[in-house]
Amino acid sequence: MSPDRSDQTPRAWQRMLSGRRLNLLDPSPLDVEISDIAHGLARVARWNGQTIGDHAFSVAEHSLIVEEIALRLKPDLDPKWRQAILLHDAPEYVIGDMISPFKAVMGGAYKAVEARLQGAIHLRFGLPAEIPVRIKKLAKKADVICAYYEAIELAGFEEFEAAKIFGRPRGMPNLEQTPRMGLAPLPTADAQNRFLQRFEEIEALRELGNKARRKTA
């Protein structure tokens with residue numbers, strides 16, 4: 001006779017390729033790995049996949065561009081906050097990228113799960129679980145600028161439509177004219193590798209800063 005499982009709590013964890021088991025309802029920083037984040041984000045499509053090109057435009061690519069925009073908006077941005085902005089959509093490696101209208105329908109439950117995951121991710125990489133409001137605002141501004149260009153270049157929006165929804169960016173060059181930014185959707189492996197590379201570059205900058213502070217302490 002099989003055991004009665006009707007009163008058991010449903011499974012709330014996901015097994016990652018690293019072997020970690022991440023509890024979605026109570027995530028532990030110890031179960032967060034950057035390799036899993038990069039792998040997942042490179043396979044999550046922005047705009048529900050409704051973009052031009054032979055490949056999906058991934059959240060990994062979007063995150064790289066948002067970090068670059070934030071750095072252009074604030075060139076003296078501390079590397080730890082650059083890393084936080086690079087990871088601003090990191091929970092989507094688990095929960096996917098829901099378009100804004102669907103998030104509005106889902107309401108508080110989605111936001112609560114997302115916030116817990118974001119907190120665990122921050123703690124895993126030596127960031128505060130709750131980052132400063134000024135950094136959140138900077139990340140949001142960069143995110144909206146990126147979304148405006150994505151809408152026009154990839155998602156079929158007319159400029160007036162994108163401007164109405166996101167606002168028209170001022171003082172920002174077209175993304176195609178910048179050295180590390182561009183909106184050509186990449187193959188999954190390329191997006192994954194670029195995300196990992198950028199994370200490691202910023203991590204190295206953080207370590208240099210930490211060494212300098214220890215010397216002067």
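This is a predicted model: local features need pLDDT of at least 70, side-chain atom pairs count only at pLDDT 80 or more; totals for chains, interfaces and linings use all residues.
Let me begin with helix H7, which runs over residues 133–153, has 21 residues, and reaches 30 Å from its first C-alpha to its last, close to the 30 Å expected at 1.5 Å a residue. Its buried residues include Ile135, Leu138, Ala139 and Ala142 as well as Asp143, Cys146, Tyr148 and Tyr149, and what covers the buried residues of H7 includes helix H2 (59–73), helix H3 (79–86) and helix H8 (159–166).

Is Glu150 buried or exposed? With a relative accessibility of 0%, Glu150 counts as buried, and, leaving aside residues up to four places away in sequence, Glu150 touches Arg46, Trp47, Phe57, His62, Ala155 and Leu183.

Turning now to helix H1, residues 34–41, we find that six of its eight residues are buried, so this helix is largely enclosed by the rest of the structure. The buried residues of H1 are Ile34, Asp36, Ile37, Ala38, Gly40 and Leu41.

That brings me to the largest nonpolar core, which has 54 residues, and in which Ile37, Leu87, Tyr93 and Phe195 are those with the most contacts inside it. The elements that give two or more residues to this core are H1, H2, H3, helix H4 (92–95), helix H6 (108–124), H7, H8 and helix H9 (188–216), and the largest share, nine residues, comes from H7. If we look at Phe195 in particular, and again do not count residues up to four places away in sequence, Phe195 touches Ile34, Ile37, Ala38 and Leu41, and also Ala60, Ser63, Leu64, Leu86 and Leu87.

Finally, the aromatic rings, for which the count comes to four pairs. One of them is formed by Trp47 and Phe166, and this pair is edge-to-face, at 6.2 Å centre to centre and with 85 degrees between the planes. Since Trp47 lies in the loop between H1 and H2 whereas Phe166 lies in helix H8, the pair ties together parts that are 119 residues apart in sequence. As for how the two residues sit, Trp47 counts as buried at 16% relative accessibility, while Phe166, with a relative accessible area of 23%, is partly exposed. Ring pairs also bring in Phe157, so that Trp47, Phe157 and Phe166 are linked into a cluster, and Trp47, as I mentioned, is among the residues that Glu150 touches.

Conventions:
Residues are numbered from 1 along each chain as its sequence is written. Side-chain values use heavy atoms; hydrogens and water are left out. Helices (H or I, at least four residues) and strands (E, at least two) are DSSP runs, numbered from the N terminus. The expected span of a helix is 1.5 Å times one less than its number of residues. Buried means under 20% relative accessible area, exposed over 50%, partly exposed in between (1.4 Å probe, protein chains only). Contact means heavy atoms within 4.5 Å. A nonpolar core is a set of buried Ala, Val, Leu, Ile, Met, Phe, Trp, Tyr and Cys residues joined through side-chain atoms within 4.5 Å. Rings of Phe, Tyr and Trp (its six-membered ring) pair if their centres lie within 6.5 Å; planes under 30 degrees apart count as stacked, over 60 as edge-to-face and the rest as tilted.
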